[in-house]
Amino acid sequence: MKILVMGGTRFFGRRLVELLLQDGHDITIATRGQTSDDFGEKVKRIKIDRTDQGSMNRAFENRYFDVVYDQICFNPREAKIAVETFGNRIKRYVFTSSMAVYGHKETEIVESDFIPENYKVNLDADDYAYDEGKRQAEAYFFQHGAFPVVAVRVAMVVSGNDDFTGRFDFYVGHVANGKSIGVFETEHPITYVTAWDIADFLRMMGVKSGYQGPINAGNSGYLSIQELSREIGKFLGVSPRFHVGQSSHDDAKLSPYAIFPYTWKLSNSKANSFGYEFVDIRKVIPLMVEQSAKRLGIEQ
């Protein structure tokens, strides 16, 4: 297949490109050209300004793709640019969305808890918060796209090997060195997904499935930050320390995954119905800790 990946040089986007190359697809990567990659001549490269209609038109005029993966769309204006750029010259569009599209819910969250076809699009906002931008982008794609769309609602991504954000390293380093971790006053379980699992799931949704619509993507099992830290501590043989964090930039600040002060438990039953089995997050934490500890120079 001829496949375009917008993004794809870092984190799980890079893993996705690796998997698609292993499958023998013809891959084009489109980015701002600011991050190097090690794919060599195995991929084609296009430099784009994702936020500019003219740049997108010039980059993709008269180009055809079987699948487009969009890792870098964050609001409805960017979604509109994509819709107008690709028109009917693609067969399938896989949009990397987020579990942030959902509101607060104590029970398991299913795809029907946010229906983008019914959501009002606002193209004129001065700015969009991350969660609202993803909701608006989904709404625009599903209401205006001339091509089949899949919106993969990704859980909190964790990785011990190639997370450029350093978030997982933060927890491993703090637990190993006995540093206190900033948490909310109340524990809130959330869903995580490993970088390799989400890359593999995106591959399936793009090239091995005909599904259209939104779909949750997260490993089975839910962990609060405290539980995640304790799982890390089990592997390192250390008990983690905690304090109730603040939003300010000082020694008492919240830790990186303390973003959402409520429970977010994604159901992956729809993915399971397609035969895709996400493993339990607890089973993969030891490998991620091992990778992170090695990179940080922590003796195990």
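**Helix α2.** I began with helix α2 (residues 53-60), where Ser55, Met56, Ala59 and Phe60 are buried. I count a residue as buried under 20% relative accessible area, exposed over 50% and partly exposed in between, with a 1.4 Å probe and protein chains only. Helices here are DSSP runs of H or I with at least four residues, strands are runs of E with at least two, and both are numbered from the N terminus. Looking down the axis of α2, I found its buried residues within an arc of 105°, so they line one face of the helix; the arc is taken over the directions from the helix axis to the C-beta atoms.

A note on sources: this is a predicted model, so local features need pLDDT of at least 70 and side-chain atom pairs count only at pLDDT 80 or more, while totals for chains, interfaces and linings use all residues. Residues are numbered from 1 along each chain as its sequence is written, and side-chain values use heavy atoms, with hydrogens and water left out.

**Around α2.** What covers those buried residues? I found that the cover includes β1 (2-6), β2 (26-31), β3 (44-47), β4 (65-70) and α3 (76-86). At the N-terminal end of α2, Asp52 is the cap, with a side-chain oxygen 3.2 Å from the backbone nitrogen of Gly54. After α2 comes Asn62, with a positive phi near 65°.

**Glu78.** Next I checked Glu78, which sits in helix α3. Is Glu78 buried or exposed? Glu78 is buried, at a relative accessible area of 10%. Beyond its neighbours within four places in sequence, Glu78 is in contact (heavy atoms within 4.5 Å) with Arg50, Thr51, Ile72 and Cys73. A polar atom of the Glu78 side chain also lies 2.7 Å from the backbone nitrogen of Phe74.

**The largest pocket.** I then turned to the largest pocket, which holds about 1,000 Å³ of space. Its lining has 35 residues, and Phe12, Gln71, Ile72, Phe74 and Phe164 lie nearest the centre. Two or more lining residues come from each of α1 (11-22), β5 (90-98), α4 (130-144) and β7 (156-158). On a 1 Å grid over the protein atoms alone, a pocket is an open set of points with protein on both sides within 12 Å along at least five of seven lines, a cavity is a set where a 1.4 Å probe fits but cannot get out, and lining residues have an atom within 4 Å of a point.

**The cavity.** The largest cavity has a volume of about 80 Å³, a volume being the space filled by probe spheres set on grid points joined across faces, edges and corners. Its lining includes Val183, His188 and Tyr257.

Technical notes
A polar contact is a pair of N or O atoms within 3.5 Å; within protein, one must be able to donate a hydrogen and the other to accept it, and residues adjacent in sequence count only if both atoms are side-chain atoms.
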